[in-house]
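I opened this notebook to log what I looked up.

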Amino acid sequence: MKKVEKESLIKSFLLFFLSQSLLIGALFFINFQKEVQTLDEQIFSQMRICSFDLRCQEYKIDFVSKDGHELYKLYKTPQELSSYFTIPNSRRNYLKIYLEKTLYNVKVNSIKRTLFLQFLVLELIVALLSLIFALYALSPLRNALRLTEEFIKDILHDFNTPLSTLRLNISMLKMKIGENPQIKRIENSVQNILNLQSNLRSYLHSHTSQKEEFILKTFLQERVELLSSNYKEISFHIEDTDAILYTNRDAFGRIIDNLLSNAAKYNKKNGSVTLRLDHHTLLIEDTGKGIKNPKRVFERFYKEQDRGIGIGLHIVQKLCDELGIKITLQSKIAQGTTFKLDLTNILKK
């Protein structure tokens, strides 16, 4: 199950389960109040019966002055529950019948236990129904994702033939007329399409299982060397990146390629891109245009420029999640952007 499917399943489950649990909890609380009220009425009825025959098993009897006491009413205090009744031929005293609060609490706790067990059983039923509901609600999303993946696979397959033809014809042209700016631009355009292909493949596949050990500095030099030929006006600098990584090399390369490509593509004329390691964090700093909405850059299809389709950084986020890399960024308009990759989880111990 993909991350987006798990997230959708969990959210749907929690939404249904919590809403039903709150409703059930409110109903049980109201029912508890009614049960306690019924218990109080039963106790008062038993006290009235006791006042006639004085055969009281749980209740105690006392005589009190009439002053300040109201007849036929149940009083609750921290120590007891009591009620007052008349005594035939007595003008000064009332009959007091009372129940100790500890005995009363035993009865209330018995009600609580019964209702709580009922609540737990009902919660288990609601949890099961919530899971069924969440799985049912997830099915349209899964179908949509499956159709999207099939569509992307078809596009990738259809790309292969025209791209192969283009690359073959470019090679033949270079052999005939040699290097020139027009052919170079065509090569760059073809390379952009190939990068898009790689991004789409990265979107489809998981990269968590295949891991290998490699030197970060050497790896970065290779990626920069491949990219720098397309951006000769941009200077690339690699500083203090001595570390050994243990992760999926292809996925990590896709992350670096996307970030370096964006840093160069949206840089100013004669700008620079610097890569350096600060403790366990790889910093990729550029002197470019900056990002207006840094919080949205990882959203699918979000873009601030006319170029591209807005999936590069979304795929970067997806790959970082798969590899256990925390990615953040800082950006200032017209000053540049710094992407930070926390490599703690993939550093060779």
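I count two strands as paired if DSSP finds at least two bridges between them. Helices (H or I, at least four residues) and strands (E, at least two) are DSSP runs, numbered from the N terminus. I am working on a predicted model, where local features need pLDDT of at least 70, side-chain atom pairs count only at pLDDT 80 or more, and totals for chains, interfaces and linings use all residues. Residues are numbered from 1 along each chain as its sequence is written, and side-chain values use heavy atoms, with hydrogens and water left out.

**Entry: the sheet**

I looked up the strand order. 5 strands make an open sheet, β6-β8-β9-β11-β10, with mixed pairing. On average, neighbouring strands are turned by 15° against each other, direction ignored.

Next I went through the pairs. I began with β8 (residues 272-278) and β9 (residues 281-286), which run antiparallel and are joined by 6 bridges. L275 has I284 in β9 as its bridge partner. The two strands form a hairpin with 2 residues between them, and H279 in the turn has a positive phi of about 60°.

β9 also runs antiparallel to β11 (residues 336-342), through 5 bridges. Here L282 is bridged to L341 in β11.

β10 and β11 are antiparallel too, with 7 bridges. I327 stands opposite L341 in β11. Q330 has T338 in β11 as its bridge partner. This is another hairpin, with 3 residues between the strands; A334 in the turn has a positive phi of about 70°.

**Entry: the helices**

Which strands does α5 lie across? I find β6, β8, β9, β10 and β11, with α5 running at about 25° to β9. For such angles, axes are lines fitted to C-alpha atoms, for helices over the stretch in contact, and angles run from 0 to 180 degrees between N-to-C directions.

I then checked α4 (residues 216-228) against α5 (residues 249-265). They pack at an angle of about 50°, with axes 10 Å apart. The two are therefore oblique to each other. The cut-offs are under 35 degrees for roughly parallel, over 145 for roughly antiparallel, 65 to 115 for roughly perpendicular, and oblique for the rest. Their crossing is right-handed. A crossing is right-handed if the near helix is turned clockwise from the far one by less than a right angle, and left-handed if anticlockwise.

Contact means heavy atoms within 4.5 Å. On the α4 side I listed L216, F219, L220, E222, R223, V224 and L227, which meet R249, F252, G253, I256, D257, L260 and S261 in α5. By class, this contact has 8 nonpolar, 2 polar and 4 charged residues. Ala, Val, Leu, Ile, Met, Phe, Trp, Tyr, Cys and Pro count as nonpolar, Asp, Glu, Lys and Arg as charged, and the others, Gly among them, as polar.

The axes of α5 and α6 (residues 312-323) come within 9 Å and cross at roughly 145°. This crossing is left-handed. The α5 residues here include F252, I255 and L259; the α6 residues include V316, L319 and C320. The contact divides into 9 nonpolar, 3 polar and 1 charged.

**Entry: the disulfide**

How many disulfides does a search of the whole structure find? I got 1. The term covers a pair of cysteine sulfur atoms within 2.5 Å. C50 is joined to C56, S to S 1.1 Å. The torsion about their S-S bond is about 55°, so the disulfide is right-handed.
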